Every structure is written in structure tokens, then in C-alpha cells.
Amino acid sequence: MKKTLTLAAGIVALLSLVACTAPPTASDTPASERQMDKEISLKAYHWALFAAAGKDGQPQPATAGMGGKPLTLNFTDRQVSVDGLCNLLSGGYTLSGSKISITHPVSTMKACADANLMRNEHEVGKLLPTATNWSMAKADSAPNDPAPVLTLTFKDGSKWRLKGEPTATTRYGSEPERVFLEVAAQREACSHPLMPNYQCLKVREIQYGDNGVQTQTGPWIHYYGNIEGYTHRPGIRNVLRINRYTLKNVPADASKYADVLDMVVSSETVRP
């Protein structure tokens with residue numbers, strides 16, 4: 001009888017230990033950790049504006065960017081930038097729970113011939129510092145692969161809804177290496193068994209010192225494939241700042257790198 005009671009007590013203790021070490025559910029996760037996950041997600045996506053509502057809650061046209069494309073917000077460590085307008089707008093931001101505060105954005109000083117675009121840029125610059133709240137949810141329209149949706153609420157009660165698109169760092173799962181490539185003005189025919197009659201970009205790597213002075217130039221080589229975000233115009237020589245990601249588990253005949261355009265450093269028209 002004593003042995004039976006001892007065994008029963010041991011089973012009860014074991015079950016109690018298992019219950020104590022069971023993985024936490026979402027509701028058990030501390031609010032601070034859930035908040036941190038949301039803040040990480042905020043920086044993991046490009047946020048494209050797709051819907052807006054006025055202070056009366058009624059839908060209104062979303063502010064358009066260049067060429068009618070949606071303008072995009074990007075969040076990094078305490079900096080938010082707006083892409084797709086005539087100039088790049090950028091400012092600081094802070095979060096406190098569901099509250100957000102954005103400083104008055106500074107702008108590059110490029111003039112733009114499109115009066116509507118300049119007006120949109122001015123309105124965005126005035127609106128962003130009035131942001132008061134933010135929230136994030138999954139879109140209902142794509143249950144199999146729901147994209148996150150960011151909602152920004154402004155002081156006057158108006159709202160923006162922005163759809164998340166993963167950044168390159170999120171897609172490739174690593175931090176990039178910074179590379180500078182000079183791209184020749186004209187493509188060249190390049191031989192490749194899988195791509196007959198293919199025209200390659202001709203590129204060479206440029207290295208700069210800490211003082212910004214060019215220190216080394218590599219040999220010209222053929223560049224197979226494309227640089228993400230870059231569209232080549234014949235007759236234009238460009239120096240590009242590239243974010244280069246190292247890929248994992250790539251086929252033997254494929255490049256182990258993915259190059260994503262970060263910015264065009266300089267451009268020059270080359271006469272034939």
C-alpha cells in the first residue's frame with residue numbers, strides 16, 4: 001500500500017512539472033514581448049499606402065506617388081522614410097505601446113515638374129507629424145498568405161492603411177554586404193549555354209576609402225541576370241550602391257548572390 005501511494009504521488013508530481021514547463025500560449029506571452037515582435041515586424045516590411053479615410057471615417061483617395069504608384073513608408077532604427085514622391089522624406093519616430101510620434105520630416109531638395117506630385121509631397125510632410133496611433137493586423141483577403149496591414153491614425157481622426165511587402169533582408173534572411181558597381185553604358189553579347197543570344201550588363205566593382213575617395217577599380221566582367229530594382233537605360237553609365245545578399249542552397253549553375261539596388265550614386269550619358 002505504501003509503495004502504491006508513493007508511485008501515485010510521483011505521477012502527480014511529474015504531471016505538475018509537465019504542466020509548469022508547457023510552452024506558453026499567445027495569451028501567456030508577456031505584453032512587452034508581443035510589443036517587441038510588432039516593432040520588429042514594422043521594420044521587416046515596406047509599407048505601401050493602399051487606402052485612406054478622412055476624419056469623418058469616409059473613404060478618400062489614397063495619396064499617390066510618382067507615376068500614380070503608391071507611396072511607401074520604410075521604418076529602420078528610429079527613422080521613417082517616405083519613398084515614391086519627388087523627394088525623399090525622412091524623420092525620426094518613437095513608439096509607446098499603440099502610440100506613435102513622428103518628427104517633422106526633412107526633404108531632399110530636388111525640384112519636380114509635376115505640380116500634383118509636389119502638392120502631395122507637401123501634404124504628406126504636414127500630415128506625418130500628426131500621427132498619434134498605430135496598429136498592425138493580417139489582411140483578410142489572402143488567408144493562405146496574409147500580408148500584414150499597418151494602420152496609422154492621425155490627430156484629426158483620418159487614417160492610412162498600408163500593406164506590408166517584405167524587405168530584401170526579410171526575404172533573404174541575412175544582412176547584406178555593401179558593394180559599389182560601375183555599369184557600362186551598353187550591354188554586350190555574352191555566351192551562356194542556358195541563355196542564347198543574351199545581352200549582359202558589363203560591370204566592374206569600385207572600392208572607396210573611409211574618406212569617400214575611390215581607391216580601387218576591378219576588371220570589367222559580364223553580369224548575368226538582373227540587379228533587383230535597377231532598370232538599365234542604353235547610353236547611360238551608372239555607379240550603383242548595391243546591397244548584396246549571400247544565398248543558401250543554390251544550384252551549382254546559379255549565382256550565390258542576390259544584388260538589390262540601394263541607390264544610384266552617379267549617372268553619365270556616354271556618346272557612342
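Predicted model: local features only at pLDDT ≥ 70, side-chain atom pairs only at ≥ 80, totals over all residues.

Which strands each supply at least two residues of the lining of the second largest pocket? I found β13 (199-208), β14 (214-217), β15 (221-223) and β17. Strands here are DSSP runs of E, at least two residues long, and helices are runs of H or I of at least four, both numbered from the N terminus.

Residues are numbered from 1 along each chain as its sequence is written, and side-chain values use heavy atoms, with hydrogens and water left out.

**Second largest pocket**

I noted a volume of about 480 Å³. A pocket is an open set of points on a 1 Å grid over the protein atoms alone, where a 1.4 Å probe fits, with protein on both sides within 12 Å along at least five of seven lines; lining residues have an atom within 4 Å of a point. The volume is the space filled by probe spheres set on the points, which are joined across faces, edges and corners. I see 24 lining residues, with Ile-221, Tyr-223, Arg-244, Ser-255 and Asp-259 nearest the centre. β13 gives the most to this lining, four residues.

**Largest pocket**

Next I turned to the largest pocket, which holds about 2000 Å³ of space. It has 48 lining residues, and those closest to its centre are His-46, Asn-74, Asp-83, Leu-261 and Asp-262. The largest share of this lining, six residues, comes from β17. Other elements that supply at least two residues include β1 (45-53), β10 (159-166) and α4 (168-172).

**Cysteines**

I searched the whole structure for disulfides (cysteine sulfur atoms within 2.5 Å) and got one. Cys-190 and Cys-200 form it, with their sulfur atoms 2.0 Å apart. Cys-190 sits in the loop between β12 (188-189) and β13, and Cys-200 in strand β13, 10 residues apart. The S-S torsion is about 85°, so this disulfide is right-handed.

Buried means under 20% relative accessible area, exposed over 50%, and partly exposed in between (1.4 Å probe, protein chains only). Cys-190 is buried at 6%, and Cys-200 is buried at 0%.

Cys-86 is buried at 5%, whereas Cys-112 is partly exposed at 24%.
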